[in-house]
Amino acid sequence: MSHHYLLPEISQPGKIGCSLPSLDVPAAELPPKELLRQELELPEVSEVEIIRYFTALSKLNYSADTGFYPLGSCTMKYNPKWHEDIAKLAGFTSIHPLQLEESVQGALQLMFELQEYLAEITGMDATSLVPIAGAHGEFAGLLMVRAYHQDRQDKARRKILLTDSSHGTNPASAVMCGFDIGVVASDSQGNVDMKSLDAMMNEEVAALTLTMPTTLGLFDPRILGISQVVHERGGLLGADGANLNAFLGQVKFGELGYDYVQLNLHKTFSTPHGGGGPGSGPVCVKESLSDFLPSPLVTENNGMYKFMSPAKSIGRIANFYGNFGVMCKAYAYIRSLGASGLREVSENAVLSANYLKEKLKPYYHLPYNRTCMHEVVFSGRRQKAEGVRTLDIAKRLLDYGLHPPTIYFPLLVDEALMIEPTETESKQTLDAFVEAMKEIARDARENPDILHTAPHNTPVRRLDDVRAARNPDLRWQMGD
Ligand SMILES: *Cc1c(COP(=O)(O)O)cnc(C)c1O
């Protein structure tokens with residue numbers, strides 16, 4: 001790391017960043033001695049130095065606002081700044097969750113209309129905006145599945161089926177809900193293996209969680225058949241809706257036979273994310289599950305908006321009403337684009353991914369050679385044979401000033417590279433990425449060492465990920 005980023009380098013005893021004015025009120029008494037510290041080990045720096053220090057740190061951040069960010073499954077699209085202005089309006093930020101409903105009708109109206117829009121977009125009957133992340137929405141969906149079967153006295157259904165391409169949160173959510181897990185295989189085309197599903201779908205299965213499009217970036221054309229098998233045998237069909245960016249205005253989960261879906265407003269509906277939030281993971285459900293939705297929902301009666309709790313609600317799963325600021329941005333996004341704009345989002349997201357697929361196919365192995373949806377999964381198999389790992393490819397992209405795609409996920413693709421360009425990138429940006437990937441493929445053959453030792457141009461070189469996770473060093477200490 002270069003010196004500008006290290007406080008100890010600029011700290012010198014006696015340097016002062018700001019001077020306090022002399023006391024113009026009576027001095028208060030100090031707390032008892034045992035509560036007082038003799039030394040406070042803080043860096044001693046001047047004002048300009050601390051400003052430069054933090055400004056330099058801020059420039060180390062990479063984001064969708066600084067460059068191309070094709071992180072598969074994450075939908076790192078550009079988020080219009082104007083939506084931040086909407087979310088910052090005093091009428092939204094200066095209200096308190098304990099205020100009387102009569103005094104916050106505008107906020108409730110926004111929530112009510114967002115519930116309706118999301119139900120319309122997904123082809124469902126009702127929505128709860130409460131969950132505060134995608135994984136939290138999955139968890140809420142599974143709590144509803146459990147409550148639904150219990151309500152029907154169907155006690156044998158202890159198992160959730162997933163596919164081998166599932167996102168890691170899918171099994172995690174199911175286990176946290178107390179379910180056992182069964183993994184349905186994918187076939188050679190990347191679709192659900194119907195024989196595997198047939199063998200596993202029995203009276204112990206509460207639901208099948210099936211991401212659509214799948215985490216391979218593919219639409220499973222047999223989804224209606226899958227839905228039929230699951231329902232005929234008494235199960236429910238749940239979607240992990242994190243990939244909705246491919247579907248907006250094109251296909252509805254409800255029409256594909258799904259009973260519930262969780263959405264990631266911070267992905268599809270334009271909230272900057274990464275680094276831990278805030279997020280929002282609403283659940284949209286068919287009529288059969290609507291009584292179980294997490295509370296509260298917003299209802300409308302004669303132009304008055306009110307909170308209510310569904311009859312058999314799984315209860316409260318977050319404090320108050322969810323992440324309201326994220327809802328404001330999603331609402332602004334939906335209203336500003338309208339139905340035709342949303343449709344265009346998906347068309348362009350899918351077009352961008354297929355463009356990259358065709359351009360990169362000659363250089364990287366494409367395990368599923370078919371039209372993809374909003375993202376495309378390559379394998380670094382060829383480069384691996386040349387002694388270059390997918391991790392090396394990702395690290396080398398950093399030298400080009402590009403954020404790497406998702407790597408080593410989905411797990412069923414060897415050396416996976418999962419690229420999601422999103423609809424907000426220009427053809428020039430996509431072409432620049434293609435050029436970088438082409439050069440990297442050439443270096444893998446001709447100059448592999450430059451990949452093994454990458455990145456070369458970043459403030460931090462290759463990290464020891466394992467050590468960083470096991471022994472995180474998060475706190476500056478004098479003398480470090
Ligand atoms: C992002 C993602 C999730 C988890 O969403 P969070 O909001 O990060 O909890 C789940 N499934 C898929 C497919 C995802 O891409």
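Predicted model: local features only at pLDDT ≥ 70, side-chain atom pairs only at ≥ 80, totals over all residues.
Visitor: How many helices and strands does the chain have?
Guide: There are 17 helices and 12 strands, where helices (H or I, at least four residues) and strands (E, at least two) are DSSP runs numbered from the N terminus.
Visitor: And what share of the residues counts as buried?
Guide: Of the 480 residues, 48% count as buried, a word that stands for under 20% relative accessible area, with exposed meaning over 50% and partly exposed in between (1.4 Å probe, protein chains only).
Visitor: Switching topic, in what order do the strands of the open sheet come?
Guide: Its 7 strands follow the order β1-β7-β6-β5-β4-β2-β3 with mixed pairing, and two strands pair if DSSP finds at least two bridges between them. At the edges stand β1 (126-128) and β3 (180-184), each with a single partner strand, so one side of each has no neighbour in the sheet.
Visitor: Do tell me about β2 and β3: parallel or antiparallel?
Guide: Strand β2 (residues 159-163) and β3 run parallel and are joined by 5 bridges, and Thr163 stands opposite Val184 in β3.
Visitor: Which helix lies across β4 and β5?
Guide: Helix α9 (residues 223-232) lies across β4 (205-209) and β5 (236-240), running at about 135 degrees to β5. Axes are lines fitted to C-alpha atoms, for helices over the stretch in contact, and angles run from 0 to 180 degrees between N-to-C directions.
Visitor: Now Ser11, is that buried or exposed?
Guide: Ser11, in the loop between α1 (7-10) and α2 (47-59), counts as buried because its relative accessibility is 15%.
Visitor: What does Ser11 touch?
Guide: Not counting residues up to four places away in sequence, Ser11 touches Pro43, Glu44 and Val45, where contact means heavy atoms within 4.5 Å. A polar atom of the Ser11 side chain lies 3.0 Å from the backbone nitrogen of Glu44.

Notes. Residues numbered from 1 in each chain as written. Heavy atoms only, no water. Polar contact = N/O pair within 3.5 Å; in protein donor to acceptor, adjacent residues only side chain to side chain.
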